[in-house]
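Please keep the viewer open as you read.

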Amino acid sequence: MDYFDLNIDLSKQDKDVRSAAREFAEKVMRPVSMELDTMTAEEVVAKNSPLWGFLKKAYELDFHTVMLPENYGGQGLTPLQIHLLFEEFGWASFGLSVQLAVVCFPFFLACMVGSDELVETFVKPFCECRDGSIRGCWAITEPDHGSDVIAVGEDYFSSETMQGNLQTVLDGDEWVIKGQKSAWVSGGTIATHALLHCQLDPSKGFAGNGICIVPLDREGISRGKPLEKLGQRDLNQGEIFFDDVRIPKGWMVADPEFYVPLLDIILAFANLCMASWATGLARAALEESLTYSKRRIQGGRPLIEHYSMKQRIFHLFRRVETCRAISRAAMNLNFNISPPFVEYSLVAKTQCTEMAFKNAHEAIQIWGGNGLAKEHLVEKLFRDARATLIEDGNNETLARHGGHILNETYPRRPLSY
């Protein structure tokens, strides 16, 4: 369903990007998502799964390079265009939106580092891929450490008591990796490459971490089973195990000295993606509710003609517009400055996911018993929205990190251009 955009200055190119994303979202993404949602986690990634056709079509349309700069082979979209596209994807499927974004994570970071070796080895083949056969993942969470790994500013973050489940040591010109990442790695069991967070100096806790790019066909790598879960069942997630895996020294893109600044950059970008997809999910809940309220007859007339229903629909609409405004503004800011003002990405992620969940919850209430039936989209929206409150850092942890940043930086000085 189309919507009125408060930005009356959208260019033809902006509208074309949105139209292309909407067509893909309506005709490909949502139908595949609904089908995958009914499958087991192992069926989702089986050879005959519709997931592979979805990824192939997305790669053919260059949607896998949305976040990458044009000079490296990406689309070179503006922050506004990325948001327009991501909102449509979030409207169609939050889980597949995440899947389609994490495929680029190792290559996105390689572009940021700008190493010729990394660009030639990883970025160019990824950008040239048109069949979905090169897929990244973001391997940060560990079995014993979820929110610990982003607790920058807390005393335990840099404590030697924080021993990671994955350790990396330098042996000559190679890094040797041993340990595992948790079952929450998005794309973990199907990825060909990982953006891997690893502990280099255990004496510094997670402040002693580094980030490297690892092709997942290296000797010593194995995977766990795809994870069964409540929401975003169309998103593959699963463990990755490393048994003395060796990579060249140059594939370590950040050592402990630069780990925290780079972690904040990754969090800023990842949380803006979450916020834009949440805007789409919130809109989907609004549209499902409004459509249902017009056709469902109670008290002898459509639900929408009842006084209280008009209020409820308005509040759904209000939250969508708020999501769109704050997530676009934060994306426009942090995609244009370096280093990013991370607290604004955190505001966007926490606020938008909470409002999306409220919209999905209210959609269930408006649909009543019908909203609990798996045959209807609103039931899936509710489950998917619930996961967003934990995904990419649970909202309480992100709020703590935002408060830590505010303690050090508030008020920010105006930018000078």
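## Hairpin, helix contact, pockets and cavities

In the hairpin of E2 and E3, 2 residues sit between the strands, and Gly-172 takes a positive phi near 65 degrees. This is a predicted model, in which local features need pLDDT of at least 70 and side-chain atom pairs count only at pLDDT 80 or more, while totals for chains, interfaces and linings use all residues. Residues are numbered from 1 along each chain as its sequence is written, and side-chain values use heavy atoms, with hydrogens and water left out.

**The hairpin**
- Strand E2 covers residues 166-171 and strand E3 residues 174-181, and the two pair in the antiparallel sense over 6 bridges (two strands pair if DSSP finds at least two bridges between them).
- Strands (E, at least two residues) and helices (H or I, at least four) are DSSP runs, numbered from the N terminus.
- Leu-170 has Trp-175 of E3 as its bridge partner.

**The helix contact**
- Helix H1 (residues 12-37) packs against helix H11 (residues 377-388) at an angle of about 80 degrees, with the axes 12 Å apart; axes are lines fitted to C-alpha atoms, for helices over the stretch in contact, and angles run from 0 to 180 degrees between N-to-C directions.
- H1 and H11 are therefore roughly perpendicular to each other (angles under 35 degrees count as roughly parallel, over 145 as roughly antiparallel, 65 to 115 as roughly perpendicular and the rest as oblique).
- Arg-30, Ser-33, Met-34 and Asp-37 of H1 meet Leu-377, Lys-380 and Arg-383 of H11, where contact means heavy atoms within 4.5 Å.
- By class, the residues of this contact are 2 nonpolar, 1 polar and 4 charged (Ala, Val, Leu, Ile, Met, Phe, Trp, Tyr, Cys and Pro count as nonpolar, Asp, Glu, Lys and Arg as charged, and the others, Gly among them, as polar).

- The largest pocket has a volume of about 730 Å³; on a 1 Å grid over the protein atoms alone, a pocket is an open set with protein on both sides within 12 Å along at least five of seven lines, a cavity is a set of points where a 1.4 Å probe fits but cannot get out, and lining residues have an atom within 4 Å of a point.
- Among the 33 residues lining the largest pocket, Trp-184, Gln-237, Ile-390, Glu-391 and Asp-392 are the closest to its centre.
- H8 gives the most to this lining, with 5 residues, and the lining of the largest pocket has 19 nonpolar, 9 polar and 5 charged residues.
- The second largest pocket holds about 360 Å³ of space, and of its 20 lining residues the closest to the centre are Met-67, Pro-69, Phe-108, Phe-269 and Phe-335.
- H6 provides the largest share of the lining of the second largest pocket, 3 residues, and the classes there are 15 nonpolar, 5 polar and no charged.

**The cavities**
- The count comes to 4 cavities of 30 Å³ or more; grid points are joined across faces, edges and corners, and a volume is the space filled by probe spheres set on the points.
- About 70 Å³ lies in the largest cavity, whose lining includes Phe-63, His-64, Met-67 and Trp-277.
- H5 gives the largest share of the lining of the largest cavity, 3 residues.
- The second largest cavity holds about 60 Å³ of space, and Met-67, Phe-108 and Phe-269 are among the residues that line it.
- H8 gives the most to the lining of the second largest cavity, with 4 residues, and that lining has 9 nonpolar, no polar and no charged residues.
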